[in-house]
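Me: Could you walk me through this structure and tell me the rule behind each term as you use it?

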2 protein chains.
Amino acid sequence: MTKQKESDPKFADENTSLIPQLTLDCIILGFHNNQLRVLLLRWKNTQEWSLPGGPVRQNESVNAAAQRILKERTGLDQIFLQQFHVFGEVERYNRAEIQEKLKLIFDPNLWYERAVSIGYYALVDYSSVTPTPDAYTDECQWWDIQDIPKLLFDHNHIIQVALQALRHQLSWQPIGYNLLPHEFTLPELQKLYETILDRKLDPRNFQRKLLGLGILERLPTRRKGGAHKSPYLYRFDKEKYEAGLKEGNLFFI
Amino acid sequence: MTKQKESDPKFADENTSLIPQLTLDCIILGFHNNQLRVLLLRWKNTQEWSLPGGPVRQNESVNAAAQRILKERTGLDQIFLQQFHVFGEVERYNRAEIQEKLKLIFDPNLWYERAVSIGYYALVDYSSVTPTPDAYTDECQWWDIQDIPKLLFDHNHIIQVALQALRHQLSWQPIGYNLLPHEFTLPELQKLYETILDRKLDPRNFQRKLLGLGILERLPTRRKGGAHKSPYLYRFDKEKYEAGLKEGNLFFI
DNA sequence: CCAAAAGTGTTGGCTATACACCCATGC
DNA sequence: GCATGGGTGTATAGCCAACACTTTTGG
């Protein structure tokens with residue numbers, strides 16, 4: 001029940017033969033204008049949106065497949081990627097409904113009756129992404145996490161599960177390191193945390209806590225431009241941050 | 001590269017047709033004599049051990065497949081089961097080595113070149129398990145987690161990843177609820193935590209912490225038998241424990 | 001000069017940790 | 001009676017949460 005075009009025998013060769021009935025779905029998250037945003041695809045000749053994803057090839061690992069999909073949709077390599085859940089229900093969506101919504105492009109022979117999907121979320125620097133649609137879609141675009149429309153398949157559900165996993169990881173993974181540009185201000189980092197956690201944080205406590213981890217480096221420059229006091233710029237000190245992660249003594253918020 | 005006997009066409013029907021190249025591996029954990037133990041299977045006519053596992057049928061969810069395997073190997077229903085990782089490398093083990101080790105029973109036609117495996121761990125009450133081998137194995141037996149032999153496939157690695165996931169969940173999931181009998185003593189619970197975390201805990205602090213959660217109920221009886229003061233018996237107060245879990249304010253150790 | 005946002009310290013309560021002795025039981 | 005393990009309290013330090021005012025900047 002998920003696209004399998006490349007597994008059609010006429011497409012099969014060593015490079016493109018696929019593991020049947022196994023797919024990936026990728027929740028690609030960025031942060032822009034103090035909003036968490038997710039990359040969605042619009043299917044050809046429809047107004048139907050879904051998550052990026054795709055099959056796993058016979059000659060690549062599941063993680064490599066996720067990296068490949070990410071690279072294709074964003075142009076980025078070396079993305080922070082996290083497997084978070086396997087969606088293995090027998091009926092993950094209503095086949096008739098999908099057939100109706102995708103009637104212009106739906107060929108029953110190219111769809112599995114059932115597919116198991118491995119969910120990954122990816123954290124990327126919004127500003128360095130070049131959103132790119134795939135062979136089935138016309139458009140690839142960022143959506144604010146609050147404004148996501150009704151998606152195809154069980155993709156709204158998958159996003160909810162991804163956000164839960166992200167919140168959970170927020171306390172022991174350096175989310176900000178992956179979602180922000182190299183240089184950022186503490187108010188920006190705080191907004192990111194507030195957005196993911198969906199609650200306000202106290203700026204004094206936040207700064208004390210984050211700076212206390214010893215993984216942030218204050219730069220000599222400040223960010224100019226707002227009609228207000230200019231904030232300091234920071235960057236993650238990669239070595240200290242990785243050392244802290246290894247010892248497992250980084251606890252955020 | 002994993003058994004697929006049931007997917008051989010002559011076995012296929014609606015009940016047994018399988019999702020190809022997708023398997024489960026189950027780390028079934030129990031606690032006995034102050035030791036964490038894991039259930040392993042010995043392959044027919046060999047001295048080779050591996051984890052219980054198997055394929056997913058076309059008409060069952062992945063979680064249901066895990067429950068089914070658990071039921072078959074332990075006799076238990078309604079087990080605490082947790083998906084923890086997908087093992088999706090292309091070469092998860094050395095095919096020649098497996099062929100040699102299982103030469104008496106290895107039929108290349110019945111094995112996939114490659115399979116992706118979903119790892120589950122299960123926490124069970126040791127004393128209520130009836131270990132039962134499957135069609136490929138002669139013996140099903142508990143092994144102390146410290147004494148596990150070299151296993152087939154990548155199963156030693158899978159166990160290590162499962163234990164990491166378990167340690168991580170220990171801080172926000174009520175592990176003891178699933179691994180101990182209904183009635184247990186606080187020293188037993190403490191030993192369980194010490195075993196999983198692999199460090200000593202202070203008994204005074206442990207008791208204050210656990211009893212402070214308000215999810216344990218002290219029974220009027222004590223456990224007799226040791227050459228020493230008889231300890232109190234406790235049981236989990238299921239309602240309070242589930243209420244606490246929902247509110248997310250249970251933090252263990 | 002005003003509006004908007006950034007930067008900064010102190011306190012009180014709570015939680016985690018460290019630490020040692022007496023008690024009950026079976027042999 | 002003795003060896004074994006169980007049960008219990010207190011003191012300290014560190015952490016977290018609550019709280020408001022001053023500074024800088026652009027317009």
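Me: What makes you divide chain A into domain 1 and domain 2?
Reply: The bounds come from an automatic or database domain assignment, which puts domain 1 of chain A at 5–170 and domain 2 at 175–247. Taken over C-alpha atoms, the centres of the two domains are 30 Å apart. A word on the ground rules: this is a predicted model, where local features need pLDDT of at least 70 and side-chain atom pairs count only at pLDDT 80 or more, while totals for chains, interfaces and linings use all residues. Residues are numbered from 1 along each chain as its sequence is written, chains are lettered from A and ligands numbered from 1 in the order in which they are written, and side-chain values use heavy atoms, with hydrogens and water left out.

Me: How do you know which residues of domain 1 of chain A are in contact with domain 2 of chain A, and how many are there?
Reply: Contact means heavy atoms within 4.5 Å. By that rule, twelve residues of domain 1 of chain A are in contact with twelve residues of domain 2 of chain A.

Me: What is meant by the area buried between domain 1 and domain 2 of chain A?
Reply: Buried area is the accessible area (1.4 Å probe) that two parts lose on being put together, summed over both. For these two domains of chain A the value is about 1,300 Å², with carbon and sulfur atoms giving 73% of it. On the domain 1 side, A:Phe31, A:Leu123 and A:Leu170 lose the most area, together 45% of what that side buries.

Me: Why is the pair A:Asp25 and A:Arg92 called a salt bridge?
Reply: The N to O distance between the side chains of A:Asp25 and A:Arg92 is 3.8 Å, and the limit is 4 Å, so the pair qualifies. A:Asp25 is in strand S1 of chain A and A:Arg92 is in the loop between S5 and helix H2 (95–101), 67 residues apart. Helices (H or I, at least four residues) and strands (E, at least two) are DSSP runs, numbered from the N terminus. Over all chains, the whole structure has 40 salt bridges.

Me: How many residues and how much buried area make up the interface of chain A and chain B?
Reply: On each side, 23 residues are in contact with the other chain. The buried area is about 1,800 Å², and carbon and sulfur atoms give 56% of it. In chain A, A:Gln83, A:Val86 and A:Arg114 lose the most area to chain B, together 25% of what that side buries.

Me: Why does B:Tyr232 count as in polar contact with DNA strand D?
Reply: A polar backbone atom of B:Tyr232 is 2.7 Å from a phosphate oxygen of DNA strand D, and the limit is 3.5 Å, so the pair passes. A backbone N or O atom of A:Ala227 lies 3.1 Å from a base oxygen of DNA strand D.

Me: How do you know that DNA strand C has polar contacts to its bases?
Reply: A base nitrogen of DNA strand C is 3.0 Å from a side-chain N or O atom of B:Asn205, and a base nitrogen is 2.8 Å from a polar backbone atom of B:Lys229. A polar side-chain atom of A:Arg208 lies 3.3 Å from a base oxygen of DNA strand C. H6(B) gives the largest share of the surface near DNA strand C, four residues.

How values were computed: Polar contact = N/O pair within 3.5 Å; in protein donor to acceptor, adjacent residues only side chain to side chain.
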